[in-house]
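Colleague: Please take a close look at one part for me, the strand pairing, and tell me what goes with it.

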Amino acid sequence: MTLRIRIDHGQDAGKTWRLSTAGTYIYYCSIHTDAATALAANDYGADRPNEMYGRIVAVAETTEPTWDNANPVTATADSASQITVDWPTATDDSGNVFFDVYQNTADDQPSATLVSDNTSAQQYVASGLTAGQTYWFWVIPVDGAGNEGPARSANATTSSVAASSTARGVVQF
């Protein structure tokens, strides 16, 4: 279970913190005001007199994402050095689903390399590949809490020779 907290204001804007244990967390944020707009004393935590505080309750979310339909993951060799991988949508009760994409030159998911992490896209283009090589891809839906759905896989083989637009030969007149 992972709870992600994103700050959208102030000096920490854009930062994300991950809480990986269920429980109650206290957060503090400094308040900078003048005397005319000062907050009441009971708006501050007793142990932090110049800061407001609040609570975040992190509840373990254990439901894994599911694929929306039976459509497969597909891998299409575009050239001698590129394969495009496409996959269907997935859903989760949290509303947030991302995809992790793994790649390998063997049909062996545990040793595959993560090539795209937490993407919201439904396509990955693998480039710089070896001509004539078969590549396997696994796509795994992941929700915001880090729960993984079932992997779907596909493979494709790049073409053996790169296409050439240069004609070679001898022309006789």
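Modeller: Happy to! Two strands count as paired if DSSP finds at least two bridges between them; strands (E, at least two residues) and helices (H or I, at least four) are DSSP runs, numbered from the N terminus. This is a predicted model, in which local features need pLDDT of at least 70 and side-chain atom pairs count only at pLDDT 80 or more, while totals for chains, interfaces and linings use all residues. Residues are numbered from 1 along each chain as its sequence is written, and side-chain values use heavy atoms, with hydrogens and water left out.

Let's start with β10 and β13, an antiparallel pair joined over eight bridges. Within it, Val101 has Val139 of β13 as its bridge partner. Both strands belong to an open four-stranded sheet, ordered β11-β10-β13-β14 with antiparallel pairing. Its edges are β11 and β14, each pairing on one side only.

Most residues other than glycine have a negative phi. Asn118 is partly exposed because its relative accessibility is 26%, between the limits for buried (under 20%) and exposed (over 50%), with a 1.4 Å probe and protein chains only.

Val139 also has a place in the largest nonpolar core, of 18 residues, where it is among those with the most contacts, as are Val85 and Phe137. Such a core is a set of buried Ala, Val, Leu, Ile, Met, Phe, Trp, Tyr and Cys residues joined through side-chain atoms within 4.5 Å.
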